[in-house]
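Please look over the chain below with attention to its strands, its helices and its aromatic side chains. The report is meant to be read beside the coordinates.

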Amino acid sequence: MKIGIVGGGAAGLAAAVTACQAGADVVVLEQNDRVGKKILSTGNGKCNFSNTRMGAQYYHSETADLLSQFVLAESLPQVLDFFTELGMLYREKNGGYYPYSEQAQTVLDVLRFRLEDFGDRARVYTGCKVTAVIPLNDGKVRLEFAHEAADPAAASAVKKNNPQWDKARREHMTFDRVILACGGKAAPKTGSDGSGYRFLRDLGLNCVPVVPALVQLVCQEKDFKAVSGVRTQAVVRLFVDGKLTDTQKGELQLTDYGISGIVVFQLSRHAAYGVSRKKEVTAELDVMPEYSEKVWTDMLFARKNQYKDRTAEQFSSGLLHKKLCTYFMKRCGINPKQLMERVAEAQIREFAHLCKCWRVTVARTNGYEAAQVCAGGLSLTEINPDFSLKKYPQIYAVGELLDVDGLCGGYNLHWAWTSGMTAAKSACASERGNLKRCIPAAD
C-alpha cells in the first residue's frame, strides 16, 4: 500500500506516522522548506495539543448534527496514547494538555523522529507544491506537483531536507490512497494558502464559505487608543442584525483597533460570517460581570455619598482599570477633576450602564494573517466517518480542510490528530476491491 499525503502539518504528520505503523509506504509532499511550521506557533509556542473536556459540543460546523460521528470523547485516550508511544511526556494544566517541556518544538520533534525510524518507508519531500489531485479510473490517485525552491537559500534548505531529492524530481506520483492534509487559509506565513479548497472544488465537492476564526475583531469606533492595552474580565455578547448569537466570559483585551483575547476569539467565527454576509455585527461588553447593573449602580451611589468631597478621578480609584474609568467618565461628560458632589445622578447611572453594557460595532476581523484557524471548508456531508470522500473513497480529507473549527484550548489540534490518524488507519485497512463508486478520470 502506497499512501500520498499532501501537507506536512499536524494532521499530515499524524496520518504519516499512523500509516507507517500500519505497514504502508508513505510519501509526504510539503510545500514549505520544512514540515510542521504551524505546530511551532500553537499555544504561544507551548502547544496546547488536546483537552480533558472533549466532545462535539466544543466544535462548530454548518452540519453540527454530523459532528458526533467524528468528534468523540473516546478519541482523547487515543491521542494521549499516540504521543506516549512517540516518547513524549505531557502534563495537564487548566484542562489543557501540553508537552511536559511546554515547547511546541517537542511535539514536532517526536513526530519527525518517529517518521525517520521508518527509513525509506516514510519519505518527506519539502519544497513540493501539489498542483492537481486526479482520481484515476483504476482506483488510484495521481498527484501532480511543482518544485517551490527558486530562491537559492530555499533550494539549499530543500535539498538538505530531502536526501533523495534527485530521485523525487518528477512532475507526478501515483498512489493507492491520498490523504489531503494541506490546511486552510489561516496564518498564511506558515504555508496555509487555501489550495486544498481548490482541489476539493475541482473534484466537484461542496465547500462551506471560509472565514477567519479564533481571531481579533476590528471595531468601527475611533477612540480605542484611549483604552489600548487594558485586560479585564468580561462577558461579551455578540449580536448579528440585532439577534444574540453567542455569549462568552473570560479575559477581554482592548487594543487600539478593537477587541481581542480568548473571550473574543471564541465568538469571532460568528462575527466573521456576519460581516461577510453584510450584516450588522455588534458586541456588548460587560466589564463588571460579577455584579448586576442594579447592584453596581447602588454601589456607585453609596460610594458617591461616602466620597463626595473627592474628585471623580479619586472616586474611581480602586474600581476598574484606570484607563477604563477615565474613558467611561469622558463618555458620560464627567470631568476627572470635578468633585463628586457636583456629578449629576444621571451621569452616575450612565457610567454604571456603560460598565455593564458597552456596545461597540464590529467592522471586520483582523484577517487570515492573525487567525489561528478557519471556519468553513469541505462540508461533512461529502465525507464518510473514516474521512474518505463519498465520491472518491480512495481520497481522504482531514484537519482544517473540513468544515469543523474548535474552541481555544487544544481542540483544533486534537481534531487534526484524530482526523489524520483515523484516515490513515482506514486507508491502510481498505482494499481496492472494497472501494465504493469512483468517477473515472483520464490517466
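This is a predicted model: local features need pLDDT of at least 70, side-chain atom pairs count only at pLDDT 80 or more; totals for chains, interfaces and linings use all residues.

Residues are numbered from 1 along each chain as its sequence is written, and side-chain values use heavy atoms, with hydrogens and water left out.

**The chain as a whole**

The protein chain holds 14 helices and 21 strands, where helices (H or I, at least four residues) and strands (E, at least two) are DSSP runs numbered from the N terminus. Its C-alpha atoms fill a box of roughly 85 × 45 × 40 Å, taken along the principal axes. Of the 443 residues in the protein chain, 56% are buried; buried means under 20% relative accessible area, exposed over 50% and partly exposed in between, with a 1.4 Å probe and protein chains only. The protein chain exposes about 19400 Å², of which carbon and sulfur atoms supply 47%, with accessible areas from the Shrake-Rupley method and a 1.4 Å probe, and with only the protein chains shown counting as cover for residues. Among contacts in the protein chain with a separation of 6 or more, 75% come from residues 24 or more positions apart, a contact being heavy atoms within 4.5 Å.

**The barrel and its helices**

Six strands form a closed barrel in the order β13-β16-β15-β14-β17-β18, with antiparallel pairing; two strands pair if DSSP finds at least two bridges between them. Neighbouring strands of this sheet are turned by 45° against each other on average, direction ignored. Helix α12 (residues 322-331) packs on the sheet, where it touches β14, β15 (243-254) and β18 (358-365), and its direction makes about 105° with that of β18. Helix α13 (residues 345-356) lies across β14, β17 and β18 and runs at about 110° to β17. For these values, axes are lines fitted to C-alpha atoms, for helices over the stretch in contact, and angles run from 0 to 180 degrees between N-to-C directions.

How many of the residues of β17 are buried? Six of its six residues are buried, and the strand is mostly covered. Val281, Ala283 and Leu285 point one way from β17, whereas Thr282, Glu284 and Asp286 point the other way. Strand β14 (residues 231-240) pairs with β17 (residues 281-286) in the antiparallel sense over six bridges; Val240 stands opposite Val281, and Val235 has Asp286 as its bridge partner. β17 also pairs with β18 in the antiparallel sense, over four bridges, and here Ala283 stands opposite Val360.

**A parallel arrangement around β11**

Strand β11 (residues 177-180) is covered on both faces, with Arg177 and Ile179 on one side and Val178 and Leu180 on the other, all of them buried. Four bridges join β11 to strand β1 (residues 2-6), the two running parallel, and Gly4 has Val178 as its bridge partner. Three bridges join β11 to β20, again in parallel, with Tyr396 in β20 as the bridge partner of Ile179.

**Aromatic contacts**

The structure holds 17 aromatic pairs; rings of Phe, Tyr and Trp (its six-membered ring) pair if their centres lie within 6.5 Å, and planes under 30 degrees apart count as stacked, over 60 as edge-to-face and the rest as tilted. The rings of Phe49 and Tyr97 have their centres 6.2 Å apart and their planes at 35°, so this pair is tilted. Phe49 lies in the loop between α2 (37-41) and β3 (50-51) and Tyr97 in strand β6 (residues 96-99), so that the pair links distant parts of the chain, 48 residues apart. Phe49 is buried at 0% relative accessibility, and Tyr97 is buried with a relative accessible area of 12%. Phe49 and Tyr97 belong to one aromatic cluster together with Phe82, Phe83, Tyr90 and Trp417.

| Charged residue | Ring | Distance from ring centre |
|---|---|---|
| Arg91 | Tyr100 | 3.8 Å |
| Arg359 | Phe239 | 4.4 Å |

Leu214, in the loop between β12 (207-213) and β13 (217-219), has a positive phi of about 50° although it is not a glycine, and Leu214 is buried at 5% relative accessibility. Phe387, in the loop between β19 (373-378) and β20 (395-397), likewise is not a glycine and has a positive phi of about 75°; Phe387 is buried, with a relative accessible area of 3%.

Notes
A charge sits over a ring if NZ of Lys or CZ of Arg is within 6 Å of the ring centre and within 35 degrees of the ring normal.
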